[in-house]
Amino acid sequence: MKARDLYSYVKTIMFEKPSSTIYDNYFIGNCNRVIAELFNENNMLRVFKGYAPLEEMPLIYEMDDEIEYESEYVYDVMPKGIAAYFLIDDDLQKYGIYATDYNNARVLHQVFVSADKL
């Protein structure tokens, strides 16, 4: 998924209009924050599926960059984490909802493999 598509999806789950630009300046930074948080978890899922782990974090720099994580993380976990970080300064009640959803989605998709396989 391209970063711009993920941003569009994040705005959808936050009930923001597609034309909203309120979070434009913060998306790439918060997306990279979530990419960093999920790096080891995503690698464990890759190994569990029989793929080689990523050697370095696939950070994004532009909205047309591809997010090179497993679909479970891109479509379910990352949007909730990004939404939570967007709302931490605006609405602590909504932040709490998205932060809980983010952590629950992380647990749902977590698998554990031994460190020597990473």
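Student: At what angle do helix 1 and helix 3 pack, and how far apart are their axes?
Tutor: Helix 1 (residues 3-13) and helix 3 (residues 71-87) pack at about 65°, with axes 9 Å apart. Axes are lines fitted to C-alpha atoms, for helices over the stretch in contact, and angles run from 0 to 180 degrees between N-to-C directions. Helices are DSSP runs (H or I, at least four residues), numbered from the N terminus.

Student: Where does the model come from?
Tutor: This is a predicted model, in which local features need pLDDT of at least 70, side-chain atom pairs count only at pLDDT 80 or more, and totals for chains, interfaces and linings use all residues. Residues are numbered from 1 along each chain as its sequence is written, and side-chain values use heavy atoms, with hydrogens and water left out.

Student: Back to helix 1 and helix 3. Are they roughly perpendicular or roughly parallel?
Tutor: Roughly perpendicular, a label for angles of 65 to 115 degrees. Their crossing is right-handed, that is, the near helix is turned clockwise from the far one by less than a right angle.

Student: Which residues make the contact?
Tutor: Among them are Leu-6, Tyr-7 and Val-10 of helix 1, and Val-74, Met-78 and Lys-80 of helix 3. Contact means heavy atoms within 4.5 Å. By class, this contact has 12 nonpolar, no polar and one charged residues. Ala, Val, Leu, Ile, Met, Phe, Trp, Tyr, Cys and Pro count as nonpolar, Asp, Glu, Lys and Arg as charged, and the others as polar.

Student: And how does helix 2 pack against helix 3?
Tutor: At an angle of about 140°, with the axes 9 Å apart. The contact includes Phe-27, Val-34 and Leu-45 of helix 2, and Tyr-73, Gly-81 and Phe-86 of helix 3. Its residues divide into 12 nonpolar, three polar and four charged.

Student: New topic. Is Asn-32 buried or exposed?
Tutor: Asn-32 is buried, at 16% relative accessible area. Buried means under 20%, exposed over 50%, and partly exposed in between (1.4 Å probe, protein chains only). Asn-32 lies in helix 2 (residues 27-48).

Student: What does Asn-32 touch?
Tutor: Leu-59 and Ile-60, leaving out residues up to four places away in sequence. A polar atom of the Asn-32 side chain lies 2.8 Å from the backbone nitrogen of Ile-60.

Student: What about Asn-40: where does it lie?
Tutor: Asn-40 lies in helix 2. At 48% relative accessibility, Asn-40 counts as partly exposed.

Definitions and conventions:
Helix = DSSP H or I, 4+ residues; strand = E, 2+ residues; numbered from the N terminus. Parallel < 35°, antiparallel > 145°, perpendicular 65-115°, else oblique. Polar contact = N/O pair within 3.5 Å; in protein donor to acceptor, adjacent residues only side chain to side chain.
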